[in-house]
Amino acid sequence: MQKIAVLTSGGDAPGMNAAVRAVVRRGISYGMEVYGIYHGYEGLMQGQITLMDAGSVGDIIQRGGTILHSSRSEEFKTDAGQQKGIAELRRKGIEGLVVIGGDGSFRGAQKLSDKGFSTIGIPGTIDNDISGTEMTLGFDTAVNTVLEAIDKIRDTATSHERIFVVEVMGRHCGDIALWAGLSGGAESILIPEVNVEINDVTHRLLEGNKRGKKHSIIIVAEGVCPASEIAQRIKEEAGLDTRVTVLGHVQRGGSPSAFDRMLGSRLGAKAVDLLREGQSGKMVGIQRNRITEVDFADVFTIENDIDLDMYELSKTLSI
Ligand code: ATP
């Protein structure tokens, strides 16, 4: 394989640039031509394809977001859209593609592979919601961003003896809430995978109150319900005033952590290696600190479990 391309798709995540850099430079080290596709699948269909060189990915390993930009495309979900994308790639003589993105992006990548175009996926999303890899690219940075916010909120919560409800990202997966909540010493963590009655939360608050604890931090993943709803119910059921903080898109940005730079570099290089070996229809991931490969079919069918031991531990430690 002499010509390959790379694109980023779906929500951006810190570490995507490290992965793009690794794809480009690993490819060049094998004597390949490596192309960057701008604006994800939308740009692919429009032929926004540029030859990269080693210098074009210089000075990006420390930058958040993605230099290739990202997009969401309805047209690419259609057979005609996918055919158009493949035609643009073939027009340039490109034989292999690396897709950096989330679950939706991999569904698109699988369609390309099914149509005979060699495609490998790199899990890039802050949510950590992809099966077959213990960590997704961007998750570690996002957890650290949330943790920094929790630490700051704790300062004011302690000073004013207040309860804060902090809403973090995670539509279906509570990993950001769980990891940041456990690391930040949150009193309660609400995640979509575990059904928690609001009574339990208020009971913990009131029990803490009796012991003289006047400040608390409750972390809620957005997939559970809005933080304002939790605040309202705490007011109604326990008569306690709370303050609400919704962290929002700040969680997506920022310079990637050392872990995400390392992960992006390792996954990017492995993706190129797989294309070179003639493989397709797979995602590269990390398990027990080893870079692994998983068929897309397994990524889509294996359930992405939360670590319930970690959840129980958070309850034990935050009394
Ligand atoms: P994130 O987890 O950050 O949202 P994602 O990759 O899951 O990232 P999506 O918006 O679900 O984000 O998908 C990105 C793009 O992948 C879509 O806009 C679409 O172009 C393509 N895509 C999604 N699902 C399919 C599908 N079933 N078939 C073909 N292409 C798809």
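The model is predicted: local features need pLDDT of at least 70, side-chain atom pairs count only at pLDDT 80 or more, and totals for chains, interfaces and linings use all residues. Residues are numbered from 1 along each chain as its sequence is written, and side-chain values use heavy atoms, with hydrogens and water left out.

**Domains.** Select 3-138 + 256-301 for domain 1, then 142-252 for domain 2. These bounds come from an automatic or database domain assignment. The domain centres, taken over C-alpha atoms, are 35 Å apart.

**Interface.** Show the contacts (heavy atoms within 4.5 Å). Ten residues of domain 1 meet ten of domain 2. The buried area is about 860 Å², with 50% from carbon and sulfur atoms. Buried area is the accessible area (1.4 Å probe) that two parts lose on being put together, summed over both.

Two salt bridges cross this interface. The term needs a side-chain nitrogen of Lys or Arg within 4 Å of a carboxyl oxygen of Asp or Glu. Now pick R171 and D127: their side chains form a salt bridge at 3.7 Å, N to O.

**Ligand.** Zoom in on R72: a polar side-chain atom sits 2.7 Å from a ligand oxygen. Move to S73, where a polar backbone atom is 2.6 Å from a ligand oxygen. At D103, a polar backbone atom lies 3.3 Å from an oxygen of the ligand. Finally, show the ligand surface: the protein covers 85% of the 620 Å² of accessible area that the ligand has on its own (Shrake-Rupley method, 1.4 Å probe).

Terms used. A polar contact is a pair of N or O atoms within 3.5 Å; within protein, one must be able to donate a hydrogen and the other to accept it, and residues adjacent in sequence count only if both atoms are side-chain atoms.
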